[in-house]
Amino acid sequence: MSWRNKLIIALDVSDPQKALSIVDMLGDYAGVFKVGFELFVTAGPKIVEDIHKKNKKVFLDLKFHDIPNTVAKAALAAANMGVYMFNVHTSGGLQMMKRCRDTVAEHCDKQGITRPKMIGVTVLTSISSDMMKNELSVNHTLKTQVKHLALLAKQAGLDGVVASPQEISMIKTSVGNDFLVVTPGIRPSWVLPDDQMRTATPKQALRDGADYIVMGRGILAQEDPVKTLELISIDILTA
Ligand code: C5P
(Lines give C-alpha, C1' and ligand atoms only; values in the text may rest on other atoms or scores of the structure.)
Protein backbone atom coordinates (compact mmCIF):
# COMPACT_ATOMS: atom_id res chain seq x y z
CA MET A 1 0.00 0.00 0.00
CA SER A 2 1.35 3.43 -0.91
CA TRP A 3 2.25 5.53 2.11
CA ARG A 4 -0.23 8.13 0.89
CA ASN A 5 -3.11 5.79 1.78
CA LYS A 6 -1.75 5.76 5.31
CA LEU A 7 -1.64 9.54 5.58
CA ILE A 8 -4.45 11.30 7.45
CA ILE A 9 -4.46 15.09 7.14
CA ALA A 10 -5.80 16.89 10.23
CA LEU A 11 -8.19 19.64 9.10
CA ASP A 12 -7.56 21.73 12.22
CA VAL A 13 -9.26 24.89 10.96
CA SER A 14 -12.63 26.42 11.81
CA ASP A 15 -13.66 27.72 8.39
CA PRO A 16 -15.35 24.98 6.32
CA GLN A 17 -14.36 26.67 3.05
CA LYS A 18 -10.73 26.64 4.16
CA ALA A 19 -11.06 22.96 5.13
CA LEU A 20 -12.48 22.07 1.72
CA SER A 21 -9.75 24.00 -0.05
CA ILE A 22 -7.19 21.93 1.89
CA VAL A 23 -8.97 18.76 0.72
CA ASP A 24 -8.72 20.03 -2.87
CA MET A 25 -5.08 21.02 -2.47
CA LEU A 26 -3.92 17.77 -0.81
CA GLY A 27 -6.50 15.30 -2.16
CA ASP A 28 -3.90 13.56 -4.34
CA TYR A 29 -1.62 13.04 -1.36
CA ALA A 30 -3.85 11.65 1.37
CA GLY A 31 -6.48 8.97 1.61
CA VAL A 32 -8.24 10.29 4.69
CA PHE A 33 -9.06 13.72 6.15
CA LYS A 34 -9.54 14.22 9.87
CA VAL A 35 -12.39 16.36 11.20
CA GLY A 36 -11.76 17.31 14.81
CA PHE A 37 -13.45 19.48 17.43
CA GLU A 38 -12.65 22.87 15.97
CA LEU A 39 -14.07 22.16 12.53
CA PHE A 40 -16.98 19.98 13.63
CA VAL A 41 -18.18 22.43 16.28
CA THR A 42 -18.10 25.25 13.73
CA ALA A 43 -19.29 23.52 10.59
CA GLY A 44 -21.39 20.58 11.87
CA PRO A 45 -22.10 17.31 10.05
CA LYS A 46 -22.34 19.13 6.70
CA ILE A 47 -18.56 19.30 6.51
CA VAL A 48 -18.42 15.49 6.62
CA GLU A 49 -20.96 15.34 3.77
CA ASP A 50 -19.00 17.88 1.75
CA ILE A 51 -15.74 15.93 2.13
CA HIS A 52 -17.55 12.73 1.12
CA LYS A 53 -18.84 14.52 -2.00
CA LYS A 54 -15.19 14.98 -2.95
CA ASN A 55 -14.78 11.19 -2.68
CA LYS A 56 -12.52 11.43 0.34
CA LYS A 57 -12.73 9.44 3.55
CA VAL A 58 -13.30 11.06 6.94
CA PHE A 59 -11.78 10.27 10.31
CA LEU A 60 -14.18 11.85 12.82
CA ASP A 61 -11.86 12.71 15.70
CA LEU A 62 -14.30 13.70 18.44
CA LYS A 63 -12.76 11.43 21.11
CA PHE A 64 -16.07 10.39 22.67
CA HIS A 65 -15.83 10.06 26.47
CA ASP A 66 -19.07 9.75 28.45
CA ILE A 67 -21.37 7.10 29.92
CA PRO A 68 -21.82 4.00 27.70
CA ASN A 69 -25.34 4.88 26.51
CA THR A 70 -24.38 8.40 25.43
CA VAL A 71 -21.23 7.29 23.66
CA ALA A 72 -23.00 4.43 21.87
CA LYS A 73 -25.63 6.86 20.53
CA ALA A 74 -23.04 9.36 19.35
CA ALA A 75 -21.15 6.51 17.68
CA LEU A 76 -24.33 5.42 15.87
CA ALA A 77 -24.74 8.93 14.53
CA ALA A 78 -21.14 8.83 13.30
CA ALA A 79 -21.75 5.47 11.60
CA ASN A 80 -24.88 6.86 9.91
CA MET A 81 -22.81 9.73 8.51
CA GLY A 82 -20.68 7.12 6.77
CA VAL A 83 -17.37 8.09 8.35
CA TYR A 84 -14.41 5.82 7.69
CA MET A 85 -13.09 6.01 11.24
CA PHE A 86 -13.99 7.54 14.60
CA ASN A 87 -12.56 7.37 18.09
CA VAL A 88 -13.43 7.07 21.77
CA HIS A 89 -11.30 7.54 24.89
CA THR A 90 -10.16 4.17 26.25
CA SER A 91 -10.18 5.73 29.74
CA GLY A 92 -14.00 5.71 29.47
CA GLY A 93 -13.65 2.03 30.40
CA LEU A 94 -14.30 -1.41 28.99
CA GLN A 95 -18.09 -1.29 29.21
CA MET A 96 -18.25 2.04 27.39
CA MET A 97 -16.04 0.84 24.55
CA LYS A 98 -17.78 -2.53 24.27
CA ARG A 99 -21.29 -1.07 24.23
CA CYS A 100 -20.22 1.43 21.59
CA ARG A 101 -18.57 -1.24 19.43
CA ASP A 102 -21.42 -3.73 19.70
CA THR A 103 -24.15 -1.14 19.05
CA VAL A 104 -22.41 0.13 15.93
CA ALA A 105 -21.53 -3.33 14.62
CA GLU A 106 -25.09 -4.61 15.04
CA HIS A 107 -26.59 -1.49 13.42
CA CYS A 108 -24.24 -1.59 10.44
CA ASP A 109 -24.90 -5.30 9.87
CA LYS A 110 -28.65 -4.72 9.95
CA GLN A 111 -28.54 -1.72 7.62
CA GLY A 112 -25.95 -3.26 5.30
CA ILE A 113 -23.63 -0.28 5.72
CA THR A 114 -19.86 -0.42 6.12
CA ARG A 115 -18.82 -0.43 9.74
CA PRO A 116 -16.48 2.46 10.56
CA LYS A 117 -13.12 1.63 12.09
CA MET A 118 -13.40 2.20 15.82
CA ILE A 119 -10.25 3.48 17.43
CA GLY A 120 -9.42 4.06 21.11
CA VAL A 121 -7.40 7.03 22.32
CA THR A 122 -4.77 5.83 24.81
CA VAL A 123 -2.59 8.60 26.30
CA LEU A 124 -2.63 11.87 24.35
CA THR A 125 0.61 12.60 22.54
CA SER A 126 0.78 15.97 24.32
CA ILE A 127 1.13 14.21 27.71
CA SER A 128 4.65 13.55 29.01
CA SER A 129 5.71 11.01 31.67
CA ASP A 130 6.05 13.82 34.23
CA MET A 131 2.58 15.15 33.50
CA MET A 132 1.09 11.69 33.79
CA LYS A 133 2.70 11.18 37.17
CA ASN A 134 2.34 14.64 38.70
CA GLU A 135 -0.88 15.92 37.15
CA LEU A 136 -2.88 12.76 36.45
CA SER A 137 -1.50 10.80 39.40
CA VAL A 138 -0.86 7.66 37.33
CA ASN A 139 2.04 5.95 38.99
CA HIS A 140 3.28 3.50 36.43
CA THR A 141 5.21 4.35 33.30
CA LEU A 142 3.64 5.92 30.28
CA LYS A 143 4.40 2.81 28.19
CA THR A 144 2.77 0.53 30.76
CA GLN A 145 -0.33 2.74 30.76
CA VAL A 146 -0.54 2.81 26.95
CA LYS A 147 -0.11 -0.97 26.80
CA HIS A 148 -2.81 -1.49 29.43
CA LEU A 149 -5.28 0.77 27.60
CA ALA A 150 -4.49 -0.80 24.21
CA LEU A 151 -5.18 -4.29 25.61
CA LEU A 152 -8.45 -3.00 27.08
CA ALA A 153 -9.46 -1.59 23.68
CA LYS A 154 -8.67 -4.95 22.06
CA GLN A 155 -10.75 -6.74 24.69
CA ALA A 156 -13.67 -4.41 23.90
CA GLY A 157 -13.42 -5.35 20.22
CA LEU A 158 -12.11 -2.01 18.92
CA ASP A 159 -10.09 -2.05 15.70
CA GLY A 160 -7.07 -0.23 17.07
CA VAL A 161 -5.77 2.71 19.06
CA VAL A 162 -4.37 6.19 18.70
CA ALA A 163 -0.92 6.25 20.29
CA SER A 164 2.36 8.10 19.97
CA PRO A 165 4.89 6.92 17.38
CA GLN A 166 7.16 5.83 20.21
CA GLU A 167 4.64 3.19 21.27
CA ILE A 168 3.91 1.56 17.89
CA SER A 169 6.18 -1.47 18.13
CA MET A 170 5.29 -2.11 21.76
CA ILE A 171 1.55 -2.16 20.86
CA LYS A 172 2.07 -4.37 17.81
CA THR A 173 4.09 -6.83 19.91
CA SER A 174 1.77 -6.93 22.90
CA VAL A 175 -1.66 -6.63 21.25
CA GLY A 176 -1.14 -8.10 17.78
CA ASN A 177 0.01 -7.04 14.36
CA ASP A 178 -3.48 -6.67 12.92
CA PHE A 179 -4.50 -4.24 15.69
CA LEU A 180 -4.40 -0.80 14.04
CA VAL A 181 -2.11 1.93 15.34
CA VAL A 182 -2.94 5.50 14.34
CA THR A 183 -0.17 7.93 15.26
CA PRO A 184 -0.30 11.70 15.61
CA GLY A 185 2.70 13.70 16.84
CA ILE A 186 4.35 13.34 13.43
CA ARG A 187 6.87 15.96 12.34
CA PRO A 188 9.32 16.04 9.44
CA SER A 189 12.88 16.31 10.83
CA TRP A 190 13.06 19.99 9.83
CA VAL A 191 9.88 21.07 11.69
CA LEU A 192 9.49 21.93 15.42
CA PRO A 193 7.31 19.69 17.66
CA ASP A 194 4.99 22.53 18.96
CA ASP A 195 3.00 21.11 21.93
CA GLN A 196 3.54 17.46 20.99
CA MET A 197 5.79 15.65 23.46
CA ARG A 198 6.28 12.21 21.88
CA THR A 199 7.05 12.81 18.22
CA ALA A 200 8.67 10.99 15.28
CA THR A 201 9.25 11.66 11.60
CA PRO A 202 6.80 10.17 9.07
CA LYS A 203 9.52 7.81 7.83
CA GLN A 204 10.30 6.51 11.31
CA ALA A 205 6.63 6.04 12.26
CA LEU A 206 5.92 4.09 9.06
CA ARG A 207 9.05 1.97 9.54
CA ASP A 208 7.93 1.17 13.06
CA GLY A 209 4.65 -0.16 11.66
CA ALA A 210 2.12 2.69 11.97
CA ASP A 211 -1.03 1.84 10.00
CA TYR A 212 -1.98 5.52 9.72
CA ILE A 213 -0.05 8.70 10.45
CA VAL A 214 -1.94 11.88 11.33
CA MET A 215 -0.33 15.14 10.24
CA GLY A 216 -1.58 18.66 10.86
CA ARG A 217 0.83 21.50 11.54
CA GLY A 218 3.81 19.53 10.20
CA ILE A 219 2.25 20.10 6.76
CA LEU A 220 -0.40 22.80 7.02
CA ALA A 221 1.61 25.34 9.02
CA GLN A 222 4.45 25.19 6.50
CA GLU A 223 4.85 27.88 3.86
CA ASP A 224 4.25 25.42 1.03
CA PRO A 225 2.28 22.32 2.18
CA VAL A 226 2.50 20.57 -1.22
CA LYS A 227 6.27 21.03 -1.36
CA THR A 228 6.53 19.78 2.23
CA LEU A 229 4.62 16.64 1.23
CA GLU A 230 6.90 16.13 -1.77
CA LEU A 231 9.95 16.41 0.51
CA ILE A 232 8.42 13.93 2.97
CA SER A 233 7.78 11.56 0.03
CA ILE A 234 11.40 11.76 -1.06
CA ASP A 235 12.56 11.12 2.52
CA ILE A 236 10.26 8.09 2.89
CA LEU A 237 11.22 6.58 -0.45
CA THR A 238 14.96 6.98 0.23
CA ALA A 239 16.48 4.01 2.04
O1 C5P B 1 -0.70 19.59 14.22
P2 C5P B 1 -0.47 18.20 14.68
O3 C5P B 1 0.15 17.32 13.58
O4 C5P B 1 0.26 18.11 15.99
O5 C5P B 1 -1.94 17.62 14.89
C6 C5P B 1 -2.18 16.37 15.42
C7 C5P B 1 -3.64 16.10 15.34
O8 C5P B 1 -3.88 14.83 15.92
C9 C5P B 1 -4.51 17.11 16.10
O10 C5P B 1 -5.69 17.26 15.34
C11 C5P B 1 -4.81 16.42 17.40
O12 C5P B 1 -6.08 16.75 17.91
C13 C5P B 1 -4.80 14.95 16.99
N14 C5P B 1 -4.47 14.00 18.06
C15 C5P B 1 -3.33 14.07 18.81
N16 C5P B 1 -3.10 13.16 19.82
C17 C5P B 1 -3.98 12.19 20.05
C18 C5P B 1 -5.15 12.10 19.28
C19 C5P B 1 -5.37 13.04 18.27
O20 C5P B 1 -2.49 14.92 18.58
N21 C5P B 1 -3.73 11.28 20.98
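Is Val-123 buried or exposed at 8% relative accessibility? At that value Val-123 counts as buried, where buried denotes under 20% relative accessible area, exposed over 50% and partly exposed the range in between, with a 1.4 Å probe and protein chains only. The structure is a predicted model, in which local features need pLDDT of at least 70, side-chain atom pairs count only at pLDDT 80 or more, and totals for chains, interfaces and linings use all residues. Residues are numbered from 1 along each chain as its sequence is written, and side-chain values use heavy atoms, with hydrogens and water left out.

Val-123 is located in the loop between strand 5 and helix 6 (129-134). Helices (H or I, at least four residues) and strands (E, at least two) are DSSP runs, numbered from the N terminus. With neighbours within four places in sequence set aside, Val-123 is in contact with Met-132, Leu-142, Gln-145, Val-146, Leu-149 and Arg-198, contact meaning heavy atoms within 4.5 Å. The C-alpha atoms of Val-123 and Gly-31 are separated by 25 Å, and these residues lie 92 residues apart along the chain.

The strands form a closed barrel of eight, in the order 1-2-3-4-5-6-7-8, with parallel pairing. Two strands are taken to pair if DSSP finds at least two bridges between them. On average, and with direction ignored, neighbouring strands of this sheet are turned by 25° against each other. In general, strands of a sheet pair through backbone hydrogen bonds, either parallel or antiparallel.

Several of the pairings can be described individually. Strand 2 (residues 32-35) pairs with strand 3 in the parallel sense over four bridges, and Phe-33 stands opposite Val-58 in strand 3. Strand 3 also pairs with strand 4 in the parallel sense, over three bridges; the bridge partner of Phe-64 in strand 4 is Val-88. Between strand 4 (residues 85-89) and strand 5 (residues 117-121) there are five bridges, again in the parallel sense, and Phe-86 is placed opposite Met-118 in strand 5. Strand 6 and strand 7 run parallel and are joined by three bridges, with Val-162 opposite Val-182 in strand 7.

Burial was examined for two of these strands. Strand 3 (residues 57-64) is mostly covered, as six of its eight residues are buried. In strand 7, Leu-180 and Val-182 point one way and Val-181 and Thr-183 the other way, and all are buried. In a regular strand the side chains alternate between the two faces of the sheet.

Phi of Asn-55 is near 60°, a positive value in a residue other than glycine. Asn-55 lies in the loop between helix 3 and strand 3 and is exposed, with a relative accessible area of 71%. Phi of Lys-63 is near 40°, likewise positive in a residue other than glycine. Lys-63 belongs to strand 3 and is partly exposed, with a relative accessible area of 22%. Most residues other than glycine have a negative phi.

Two helix pairs were characterised. Helix 1 (residues 16-26) and helix 3 (residues 46-53) pack at an angle of about 25°, with their axes 11 Å apart; axes are lines fitted to C-alpha atoms, for helices over the stretch in contact, and angles run from 0 to 180 degrees between N-to-C directions. Helix 1 is therefore roughly parallel to helix 3, given that angles under 35 degrees count as roughly parallel, over 145 as roughly antiparallel, 65 to 115 as roughly perpendicular and the rest as oblique. The crossing of helix 1 and helix 3 is right-handed, that is, the near helix is turned clockwise from the far one by less than a right angle. Pro-16, Ala-19, Leu-20 and Val-23 of helix 1 make the contact with Ile-47, Asp-50 and Ile-51 of helix 3. By class, this contact has six nonpolar, no polar and one charged residues, with Ala, Val, Leu, Ile, Met, Phe, Trp, Tyr, Cys and Pro counted as nonpolar, Asp, Glu, Lys and Arg as charged, and the others, Gly among them, as polar.

Helix 7 (residues 142-155) and helix 8 (residues 168-175) pack at an angle of about 45°, with their axes 10 Å apart, which means that helix 7 is oblique to helix 8. The crossing of helix 7 and helix 8 is right-handed. The residues of their contact divide into six nonpolar, one polar and three charged.
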